[in-house]
Amino acid sequence: MNFRNNQREPNPVSTLVIGIICSVIFPPLLMYLKGIPIVFGFILSPILIAFFVYNFFRERKSDRKAKEIRTDFTDGSYLNSAEWREKYQKYTAKHNFEKTDSKGMKADLQRRYRKMASVIMCFFGLFMIFGSCCIPLYYAGIKEIITAVFGILIGIFIFYELGFRNFIALPVRKLYQENYNIEAVEDSYNNGKMMSHKKNGINIDDKYTLIYSEKEIHVISNFSIQNITHNLTRVKTYVNSTFDSDEYQHKLCIIADREYLVELNEYQVETAINELEKVCYINK
């Protein structure tokens with residue numbers, strides 16, 4: 001079991017100091033420049049300072065809790081506790097493995113990717129492309145043409161990356177183009193145990209394990225699996241360098257010819273580890 005933090009977090013102390021300095025200087029200065037009585041600036045400053053101080057201690061409290069979770073997770077007490085095991089048993093009792101498409105692996109994966117596709121982004125991208133193409137018709141200057149080109153490029157990116165690539169199930173096409181043993185993989189997939197979470201999923205069978213995310217699909221031979229671990233990643237969210245919230249992402253880590261990660265919920269990760277330990281033991 002591993003615990004990871006997301007990288008490049010702003011320093012809470014630096015954020016607090018800069019926030020206090022800005023709260024003292026800028027409100028009175030802004031009121032003065034706007035012709036508003038400066039007293040309102042001195043009223044606003046303590047409010048802003050209180051916000052930065054409160055947020056600083058809120059982040060510190062969250063960090064202390066994360067240290068406790070990290071300790072419990074890395075020494076195994078979190079997942080082995082009676083409370084967690086009870087929750088896990090209740091989850092598995094209510095959630096069976098998913099049924100795959102009766103038409104086969106290709107149809108099933110295409111369906112899953114098309115569910116990810118954003119119709120709104122497709123139309124928004126097309127709208128940007130159309131609107132940008134219209135700019136030179138009314139304004140023929142160099143600046144307008146450059147703006148139109150940028151608008152078209154952004155529109156193409158939004159249309160393709162955030163919508164259309166999932167409609168055409170591009171990762172599925174790549175899988176069928178690159179995998180020389182696709183028939184064996186298909187047989188394994190159709191008989192496998194399927195779980196999905198957000199825009200990710202895993203299919204486990206005796207011979208192959210297939211994992212997919214929003215942008216790629218990987219097929220792993222169970223014979224090549226060397227280690228399986230449960231990774232917990234803490235992701236902190238900041239708004240304008242100010243701490244907003246944090247969340248914990250549970251990932252299954254498979255070590256084979258390389259490291260493979262797939263995000264699931266914590267109970268699915270445990271189930272996947274149990275299933276993989278069974279098939280890896282059989283193959284050994």
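This is a predicted model: local features need pLDDT of at least 70, side-chain atom pairs count only at pLDDT 80 or more; totals for chains, interfaces and linings use all residues.
Residues are numbered from 1 along each chain as its sequence is written, and side-chain values use heavy atoms, with hydrogens and water left out.

**The sheet**

- Four strands make an open, antiparallel sheet in the order 2-3-4-5; strands (E, at least two residues) and helices (H or I, at least four) are DSSP runs numbered from the N terminus, and two strands pair if DSSP finds at least two bridges between them.
- Strand 2 (193–197) and strand 5 are at the edges with a single partner strand each, so one side of each has no neighbour in the sheet.
- From one strand to the next, the twist averages 10° (axes are lines fitted to C-alpha atoms, for helices over the stretch in contact, and angles run from 0 to 180 degrees between N-to-C directions).
- Helix 5 (residues 105–116) packs on this sheet and touches strand 2, strand 4 and strand 5, where contact means heavy atoms within 4.5 Å; the helix direction makes about 20° with that of strand 4.
- Five bridges pair strand 4 (residues 208–212) with strand 5 (residues 217–221) in the antiparallel sense, and a hairpin of four residues joins the two.
- Leu210 has Val219 of strand 5 as its bridge partner.

**Salt bridges**

- Side chains of opposite charge can pair when their charged atoms come close.
- The whole structure holds 15 salt bridges, each a side-chain nitrogen of Lys or Arg within 4 Å of a carboxyl oxygen of Asp or Glu.
- One of them links Asp63 and Lys236 (3.1 Å, N to O).
- Asp63 sits in helix 2 (residues 39–74) and Lys236 in strand 6 (residues 227–239), so this pair ties together parts 173 residues apart in sequence.
- Asp63 and Lys236 are both buried (buried means under 20% relative accessible area, exposed over 50%, partly exposed in between, with a 1.4 Å probe and protein chains only).
- Arg111 and Asp108 also meet in a salt bridge (2.6 Å, N to O); both lie in helix 5, three residues apart, about one turn of the helix.
- Asp108 is buried at 0% relative accessible area, whereas Arg111 is partly exposed at 28%.

**Cysteines**

- A search of the whole structure finds zero disulfides, meaning pairs of cysteine sulfur atoms within 2.5 Å.
- For Cys134, the nearest cysteine sulfur belongs to Cys133 and is 6.9 Å away.
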